[in-house]
Amino acid sequence: MPEGPSVKKFQLLTSPFVGQVVTKVGGSSRKINVNELKALKLQDSQVHGKNLFLAFVAAGDLLGPSAEDMTLQREACGGASSAAQEGQEQVCAPQTGLPEEEPQEAPHSRFDAPDAGCPGNWLRVHFGLFGSIRANEFSRANKANKRGDWKDPIPRLVLHFESGGFLVFYNCRMHWCSSPMADPASDILSVEFHRGRALDALRTPNPVCYTLLDQRYFSGLGNIIKNEILYMAKIHPLAQGSLLAVSDRERLLDYAIQFSSDWLQSKLHGKGLHPQIYQKEQCPLGHAVMRKTLGPLHGFKRLTWWCPQCQPAVPSESGNPS
């Protein structure tokens, strides 16, 4: 699925439409009633890690709620949700997986947002493996499918605005919620990213390749970033964080922040990514690359690439290499 830099680019594509009214809708989504978006005004657009949040208000509300009002609403709704759903997952908590197809079920209305006493003014968008947003253009097939057909991708949502422009959403899941329940301190691209908390997470005895994908501390950091920064830092993916030198953990975090920022800038300038280790058979120095599916015992596992020579195994506390 798209990682933080990609979703940030998607958010920037939506920004020019903030303040405009939706005049026509379309799309194949079965998770929401797309017709409810017609005649609403796009009030705000935010990105938190791998999730995009779009706020809609009635078009008759010419000014719409202020930023302060929306912040107060999020805080109030967060409190109401906590009281009503104590012990349950937050409505807009980030998801770790996404099926390719949406389940067939009744569309979710914005008036049915689960938060007690709070309207569902925010549309949460979580992208699948090839999820994307296009502005003022539709995606076209660049190769034939398995049946040999040149069939264009089907958008999940199309929003036409009063300016004549439009946004097209592909391979994503959407649902209404009362507010973006996210923590900017964990967002790898946020100016509020909490470096100290991230370093504390890296200090645990878990393999670093598991910790880096933990969205509680590294929201927006995905499998490509994980592989690349571990190679750049010359750290074995299964090295236990607690056994790494403080300088190694510091360097790994520096690479995570810098790589994510550089990747975003490359995307904004239309440049592609040139990975050093991800999906490679050899590292830049010509060494053979190892590939294996790694992850927690009962958690999500991802393909991992590393160079045994550039990223040597670190002995564990038992004396065995990781």
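Q: Why are helix 1 and helix 6 called oblique to each other?

A: In this predicted model, where local features need pLDDT of at least 70, side-chain atom pairs count only at pLDDT 80 or more, and totals for chains, interfaces and linings use all residues, the axes of helix 1 (residues 4–14) and helix 6 (residues 246–268) come within 9 Å and cross at roughly 45°. Axes are lines fitted to C-alpha atoms, for helices over the stretch in contact, with angles from 0 to 180 degrees between N-to-C directions. Angles under 35 degrees count as roughly parallel, over 145 as roughly antiparallel, 65 to 115 as roughly perpendicular and the rest as oblique, and helix 1 and helix 6 are therefore oblique. Residues are numbered from 1 along each chain as its sequence is written, and side-chain values use heavy atoms, with hydrogens and water left out.

Q: What makes helix 5 oblique to helix 6?

A: Helix 5 and helix 6 pack at an angle of about 130°, with their axes 9 Å apart. That angle makes helix 5 oblique to helix 6.

Q: Which residues of helix 5 and helix 6 meet, and in what sense is that a contact?

A: Ile 224, Ile 225, Glu 228, Ile 229, Leu 230 and Met 232 in helix 5 meet Leu 252, Tyr 255, Ala 256, Phe 259, Ser 260 and Trp 263 in helix 6, where contact means heavy atoms within 4.5 Å. By class, this contact of helix 5 with helix 6 has ten nonpolar, one polar and one charged residues; Ala, Val, Leu, Ile, Met, Phe, Trp, Tyr, Cys and Pro count as nonpolar, Asp, Glu, Lys and Arg as charged, and the others, Gly among them, as polar.

Q: What is called the largest nonpolar core here, and which residues have the most contacts inside it?

A: A nonpolar core is a set of buried Ala, Val, Leu, Ile, Met, Phe, Trp, Tyr and Cys residues joined through side-chain atoms within 4.5 Å, and buried means under 20% relative accessible area, with exposed over 50% and partly exposed in between (1.4 Å probe, protein chains only). The largest such core has 34 residues, and those with the most contacts inside it are Leu 212, Phe 218, Ile 229, Ile 235 and Leu 252. Apart from it lies another core, of 26 residues, among them Leu 40 and Phe 169.

Q: How many helices and strands are in the chain?

A: The chain has six helices and eight strands, taken as DSSP runs numbered from the N terminus (helices H or I, at least four residues; strands E, at least two).
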